[in-house]
Amino acid sequence: MTRYSRQIALAEIGEAGQLKLQNASVLVIGAGGLGCPVLQNLAAAGVGTIGIVDGDVVDETNLHRQLLYTLKDCGKSKVEVAKKAILELNPEIKVNVYPEFFSTQNTSEIVKDYQIIVDCTDTLAIRYLINDVALVKKIPVVYASIYKFEGQVSVFNYKNGPSYRCLFPEQENLNAVPNCVESGVLGVLPNTLGTLQATEVLKIILEMGTVLSGKLLIYDALHFQTQIIDFARNPKAIEKGFINGSQLLHHKKTNESLSPEAFLEKCNQMGIVVIDVRESDESPEFKGKNVIQIPLSELREYSKKLDKNQEIVVFCQTGQRSQTALNYLKKSGFVGVFHLGKGIESLKNQLQ
């Protein structure tokens, strides 16, 4: 307990509180700008079991804000590098890694052993997925998002409180929120917001303070301003999330996520439409007889031209936008839709 002596010295925590932290299990979805400070702070505080979900690899463009990684880690799995780093920080904890993107295919297996989920993703479809599954499982979700110089934090599904859908009703469109690749981000910003997320996690575990349930904290780093907006529980939004989450957890699912080999095989089959939902300037290029480029924001209009019984394969850079496209097409009535699970980046060896 020497490691935590300054923390235990707090009358509000003590040895009993430290034991709560030791017995806690927290799942962190996303090991990027938000996930890195969350992982560092939870490990340092002594959270006993930490799960890390991310299918990405370290890239040099990550290094100005994702401080778990160094130049020598480029090209390596983020979850594996993060595990090694936080175990060096605190070898007394247990770390489980899931080197894949969170999706409808793996959600029920991944979340089952955790009592808190930390949403460090940057994709709307995955945020709704996290919310709905957590709602059914009665798992609180600590959320944050960032944009340029601003960020926001909240806690959903906490003690029957509001959900993500109560604050952000789902819109039937494909206009994705810009991520830091497109809009840029001040490097310190996700570290500030991730630290705030970790703070909320510790408060939930320790059952102390005022948790940001039903409250959205907005942080403006450029002008050093904060604002808290209250929001209420919406029964219709809760019901929709619960229905979706129940279907995800209890219904048998087909494997809609393709391996690189299966994707390339389908690209060579006649009668299959392969849609690249990336922007036109993204690389590497992927050409083929069946491949057409329709950016995600234009897919809704283009899909009106397609036969809903047509077999369709969608892909993007890492698999997250294609998951959004797949979800949209399925909701629109298309019956045979697949996507390249880990995106075009998983094809690098084949393309070379």
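Two strands count as paired if DSSP finds at least two bridges between them. The legends below apply to a predicted model.

**View 1. The open sheet of eight strands.**
Strand order in this predicted model is E3-E2-E1-E4-E5-E6-E7-E8, and the pairing is mixed. The edge positions belong to strand E3 (94-98) and strand E8 (225-230); each has a single partner strand, so one side of each is left without a neighbour in the sheet. From one strand to the next, the twist averages 15°.

**View 2. The pairing of strands E4 and E5.**
Strand E4 covers residues 116-119 and strand E5 covers residues 141-147. Three bridges link E4 and E5, and the sense of the pairing is parallel. Within this pair, Ile117 has Val141 of E5 as its bridge partner. In the sheet order, E4 and E5 stand between E1 and E6.

**View 3. Ser145 in strand E5.**
Is Ser145 buried or exposed? Ser145 is buried, because its relative accessible area is 11% and the cut-off for buried is under 20%. Its side chain makes a polar contact with the side chain of Tyr143, at 2.9 Å.

**View 4. A nonpolar patch on the surface.**
The patch is formed by Phe149, Leu186, Val188 and Leu222. Together these residues have about 350 Å² of accessible area. Phe149 lies in the loop between E5 and strand E6 (150-156). With a relative accessible area of 34%, Phe149 is partly exposed, because that class runs between the limits of 20% for buried and 50% for exposed.

**View 5. Strand E10, covered on both faces.**
In a regular strand, side chains alternate between the two faces of the sheet. In strand E10 (residues 273-276), Val273 and Ile275 are on one side, and Val274 and Asp276 are on the other. Which of these residues are buried? All of them are buried: Val273, Ile275, Val274 and Asp276.

**View 6. The partners of strand E10, E11 and E12.**
Strand E12 (residues 311-315) runs parallel to E10, and four bridges join the two. Which residue in E11 is the bridge partner of Val274? The partner of Val274 is Val291. Both Val274 and Asp276 belong to one side of E10 and are buried.

Terms used: Residues are numbered from 1 along each chain as its sequence is written. This is a predicted model: local features need pLDDT of at least 70, side-chain atom pairs count only at pLDDT 80 or more; totals for chains, interfaces and linings use all residues. Side-chain values use heavy atoms; hydrogens and water are left out. Axes are lines fitted to C-alpha atoms, for helices over the stretch in contact, and angles run from 0 to 180 degrees between N-to-C directions. Buried means under 20% relative accessible area, exposed over 50%, partly exposed in between (1.4 Å probe, protein chains only). Patches are made of residues with over 30% relative accessible area and no salt bridge: like charges are joined within 9 Å, nonpolar side chains (Val, Leu, Ile, Met, Phe, Trp, Tyr) within 5 Å. Accessible areas come from the Shrake-Rupley method with a 1.4 Å probe; for residues, only the protein chains shown count as cover. A salt bridge is a side-chain nitrogen of Lys or Arg within 4 Å of a carboxyl oxygen of Asp or Glu. A polar contact is a pair of N or O atoms within 3.5 Å; within protein, one must be able to donate a hydrogen and the other to accept it, and residues adjacent in sequence count only if both atoms are side-chain atoms.
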